[in-house]
There are 2 protein chains.
Amino acid sequence: MESTKTPGEMSRRQFLSTVGKLGGGAAVFSVMGTLGLLSPETMKAADFVPPDGNELSMSKRGGKKIIILGAGIAGMTAAYELGQAGYDCTILEARARSGGRIWSVRRGTTVAEVGASKQVARFADGLYFNAGPMRIPQFHVTMEYIRKFGIPIEPFNNVNEHAYYYNENVGELSGKKIRKREAKADVRGYVSELMAKAVNQNALDMPLTAEEKEKLVAYLRSEGGLDADLFYKASSRGGYKDEPGARLDAGVVRDPFSMKAILNSGFGNYFSSEYSYDQQMMMFHPVGGIDAIPNAFEKRLKGKIKFHSEVIEILQSDTGVTVHYKDLASGEERKIEGEYCICTIPLSVLKSIKSDFSPEMKQAIDSIGYASAGKIGLQFSRRFWEEDEQIYGGNTLTNMDITSIYYPPTGYMQKKGLLLGYYTFGANADKLGEMTYLGREAHALQQGAKIHPQYHKEFEASFSVDWKRIKYNLGGWVSYTGDQRTTVYPTLCKPDRRVYLAGEHMSYITAWMAGGIESARAVVTDIHQRVMKE
Amino acid sequence: MESTKTPGEMSRRQFLSTVGKLGGGAAVFSVMGTLGLLSPETMKAADFVPPDGNELSMSKRGGKKIIILGAGIAGMTAAYELGQAGYDCTILEARARSGGRIWSVRRGTTVAEVGASKQVARFADGLYFNAGPMRIPQFHVTMEYIRKFGIPIEPFNNVNEHAYYYNENVGELSGKKIRKREAKADVRGYVSELMAKAVNQNALDMPLTAEEKEKLVAYLRSEGGLDADLFYKASSRGGYKDEPGARLDAGVVRDPFSMKAILNSGFGNYFSSEYSYDQQMMMFHPVGGIDAIPNAFEKRLKGKIKFHSEVIEILQSDTGVTVHYKDLASGEERKIEGEYCICTIPLSVLKSIKSDFSPEMKQAIDSIGYASAGKIGLQFSRRFWEEDEQIYGGNTLTNMDITSIYYPPTGYMQKKGLLLGYYTFGANADKLGEMTYLGREAHALQQGAKIHPQYHKEFEASFSVDWKRIKYNLGGWVSYTGDQRTTVYPTLCKPDRRVYLAGEHMSYITAWMAGGIESARAVVTDIHQRVMKE
């Protein structure tokens with residue numbers, strides 16, 4: 001997959017790279033826009049012009065040493081791109097594995113959360129869950145490396161109308177599991193009905209012509225599934241109480257919930273979770289586990305990653321950077337020197353590492369908070385959500401602590417299955433995170449069983465992760481608050497002499513692998529330009 | 001996959017089958033409902049209790065011969081289920097292949113439409129399109145056979161916000177391709193804004209309390225992405241004109257279209273195509289082609305299907321049925337006799353086959369129309385929709401003749417790709433169907449290139465199907481009109497002496513494989529009960 005260039009034909013990338021060298025990034029954008037084929041997403045993806053491998057060697061500046069801290073996606077992207085351009089990169093990674101938060105939990109995976117005992121995943125072979133990132137919007141730059149490295153992918157079912165909403169203490173529909181399609185049909189139906197009638201009665205103040213009003217009513221009829229008189233009545237969109245079948249079995253459409261019941265349920269507020277830019281379908285994930293991505297990078301960075309290397313101190317001089325680290329295998333302290341350093345360590349961890357960063361930089365690093373996030377994988381002896389309830393992937397949302405249940409978007413119809421018993425953020429994540437592993441399991445089972453009583457009989461094994469308690473991460477993702485993006489963030493964005501920060505926290509695509517990649521690519525470009533000017 | 005029963009434990013199916021024998025179908029429903037785990041969809045799927053294989057042999061009525069006409073999904077389901085119960089089934093199939101409309105077109109596939117020359121698919125190895133059914137709702141009975149037969153499946157991307165709407169002659173947005181998310185954000189935004197303000201101004205006549213009105217406004221704010229003052233302004237839900245990226249690159253959200261422009265575009269009327277019960281996500285399809293389903297049945301019906309056998313006449317006596325057919329391989333006329341006959345031949349074809357059906361039955365068969373439907377597969381040298389436009393599966397909708405473009409929900413990131421250049425119904429299908437193969441190709445390319453200019457450079461090969469012109473089908477699916485469901489349809493549902501009709505046309509799940517399966521299962525039950533009463 002990595003070389004698909006037609007001999008004798010200039011590839012688009014080569015062409016754009018040439019344009020970039022002649023006229024810079026702005027020229028690239030302009031040419032691509034003129035080609036007329038390319039979306040903003042494509043233009044963003046093509047924004048990065050990798051350093052030309054010939055430039056460094058021709059400049060006689062070859063062999064520049066770059067120290068990279070952290071073998072997550074940002075560190076490995078930087079090492080990969082700089083390596084392609086002839087730089088000599090070394091990654092220090094405290095763990096025995098690459099990927100950072102990109103982490104698939106499967107049989108034999110272990111973790112000891114901070115202050116807790118060791119947890120071992122005792123899942124069946126072939127089952128896994130992705131404890132960190134688990135889905136990729138189709139337009140993210142991440143897909144570019146997936147293509148380049150030939151990583152097999154499959155859809156991540158982020159939308160499933162056959163999954164449930166389940167809320168407690170919301171009136172009439174409390175404690176009832178409702179297929180998402182039911183809530184959507186009813187809410188859209190009632191709201192469209194109200195609106196269509198108001199438009200027809202000229203009750204709304206709108207700058208529309210009569211013809212446009214007709215179009216609006218036609219839309220509302222379509223959107224709400226209204227009848228000819230603009231009433232929302234029973235509609236198959238919400239499903240059936242008796243499914244249609246063979247011959248004379250026309251089926252019986254379900255009865256809508258009352259407007260009051262569905263309004264008080266709060267289910268309508270869940271709809272927009274599917275509307276946000278980076279949650280919209282289609283989404284994808286690697287077959288067999290998200291760690292296929294770091295694994296693919298790692299394979300291309302043979303010998304460049306020093307594992308078990310915990311950074312202790314970062315010191316700089318006028319000509320270079322010295323990083324002191326502890327070799328966790330031998331227990332010995334070591335140091336490594338380079339001309340530049342790319343630090344991808346999460347700020348939540350970096351704040352406790354000694355350095356001679358400027359006071360402004362230290363203060364900025366100190367000030368940034370991280371989001372709470374937690375997941376639990378639950379293995380069941382039977383995929384009852386598929387067999388009994390016909391739910392293949394997607395998620396169920398609830399106002400209980402567990403927040404959501406994610407059904408596996410892979411391995412359909414296999415015997416056993418592993419679902420996410422919760423994926424929580426914020427206060428719910430904190431509450432669950434404070435529990436023991438067994439406490440979390442019990443809580444996930446107790447609440448989940450209200451939606452899936454099959455939990456009681458079919459449960460086999462769990463493994464939970466609270467990102468605030470995972471050493472070397474200490475948080476789910478960066479969480480800028482208030483005016484931090486305009487006050488302290490700009491300081492983080494500038495290099496501290498010879499040290500550049502990278503990672504999802506150094507982007508406006510926080511919490512996504514794409515943020516790590518984009519920030520790494522920006523640093524790669526900066527370092528290369530700086531080296532060529534030296 | 002076929003035997004996952006735990007020894008010593010009564011399977012749910014066995015249990016329900018037992019209940020069914022003791023108390024009939026109603027008892028099964030009741031017990032399942034009481035179990036409390038099972039949805040209407042599950043109950044429908046479990047509605048069918050296969051004839052017990054022991055009953056026929058114990059009754060000494062063994063060896064009953066059943067003639068089945070057509071090796072589509074209905075015919076093969078009937079043969080499979082009756083075969084399991086000890087019946088001696090023979091399927092007559094005019095074609096050299098099974099599946100009927102379940103047909104994957106790939107390298108070497110040929111067809112001569114009625115009155116036209118032979119068309120040969122010259123696609124690259126591994127590329128295919130499904131000319132008939134191509135997607136399966138997760139709750140359809142079809143999934144039961146997929147599970148039973150262990151057929152690998154993958155999601156069918158029926159929803160993709162990154163694909164386009166493209167309309168002509170609709171005002172300001174004419175001739176512009178718009179990402180679906182743009183239209184959805186704007187329409188939902190403006191409509192929610194209007195509605196929220198009307199609610200706040202008490203302009204709507206609603207039986208809601210003040211607290212409920214607040215909830216309604218909160219929902220509208222969430223649904224429309226409104227700001228605190230209930231205005232719809234720029235929102236990332238609709239995407240960016242400059243994508244966010246690394247460090248200080250916060251991105252620039254796109255400007256919404258004006259309310260008038262988006263209203264006149266008609267795009268809002270496309271939204272509900274995703275809402276209908278059988279189009280909602282998640283949907284699935286077999287890996288490698290939908291014909292994996294008929295192939296799996298065929299494998300289990302070894303020696304029971306007589307291919308190249310074109311039915312000429314269906315005659316009945318008091319004790320049996322005689323079907324005269326032409327062996328297309330030898331050209332000879334032959335006949336076969338059985339005690340019962342299941343006829344799955346589409347009514348559009350059956351109406352021209354001689355029979356001694358009752359006058360009522362003949363008249364009913366004659367009166368039913370079939371839907372027009374057509375597809376064209378277009379092979380391109382490059383998956384530009386993925387590479388340039390980040391569209392992985394899903395469809396683009398348009399008011400041009402081509403109606404829709406479907407991007408392949410499989411083979412992501414491969415070099416070449418095959419998309420559906422059109423999938424049309426009704427008048428558009430008729431218009432395209434009347435053209436020659438080359439005419440359709442030219443039309444699909446000319447219109448599609450307005451959306452994807454890459455068509456010009458990358459096109460390689462096409463294959464088109466107009467179902468009204470496909471021998472042995474003569475139509476896409478049954479199309480009951482007016483009051484036919486209450487007038488002539490009941491006649492079709494009753495056996496004509498010893499001949500039972502089955503197929504999607506004998507169901508309320510028309511146009512779906514599930515309709516064929518359900519109708520076949522109903523006939524299987526009827527025939528078995530009749531035999532046991534003889």
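Contact here means heavy atoms within 4.5 Å. This is a predicted model, where local features need pLDDT of at least 70, side-chain atom pairs count only at pLDDT 80 or more, and totals for chains, interfaces and linings use all residues. Residues are numbered from 1 along each chain as its sequence is written, chains are lettered from A and ligands numbered from 1 in the order in which they are written, and side-chain values use heavy atoms, with hydrogens and water left out.

Q: What do the buried residues of α7(A) pack against?
A: They pack against α6 (180–200) of chain A, plus α6 (180–200) and α8 (259–265) of chain B. Helices (H or I, at least four residues) and strands (E, at least two) are DSSP runs, numbered from the N terminus.

Q: Why is A:Ser348 called buried?
A: Buried means under 20% relative accessible area (exposed is over 50%, partly exposed in between; 1.4 Å probe, protein chains only). A:Ser348 has 10% relative accessibility, so it counts as buried. Leaving aside neighbours within four places in sequence, A:Ser348 is in contact with A:Tyr370, A:Asn473 and A:Leu474.

Q: What makes β15(A) and β19(A) a pair?
A: Two strands pair if DSSP finds at least two bridges between them. β15(A) and β19(A) have two bridges, in the parallel sense, and A:Glu313 stands opposite A:Lys354 there.
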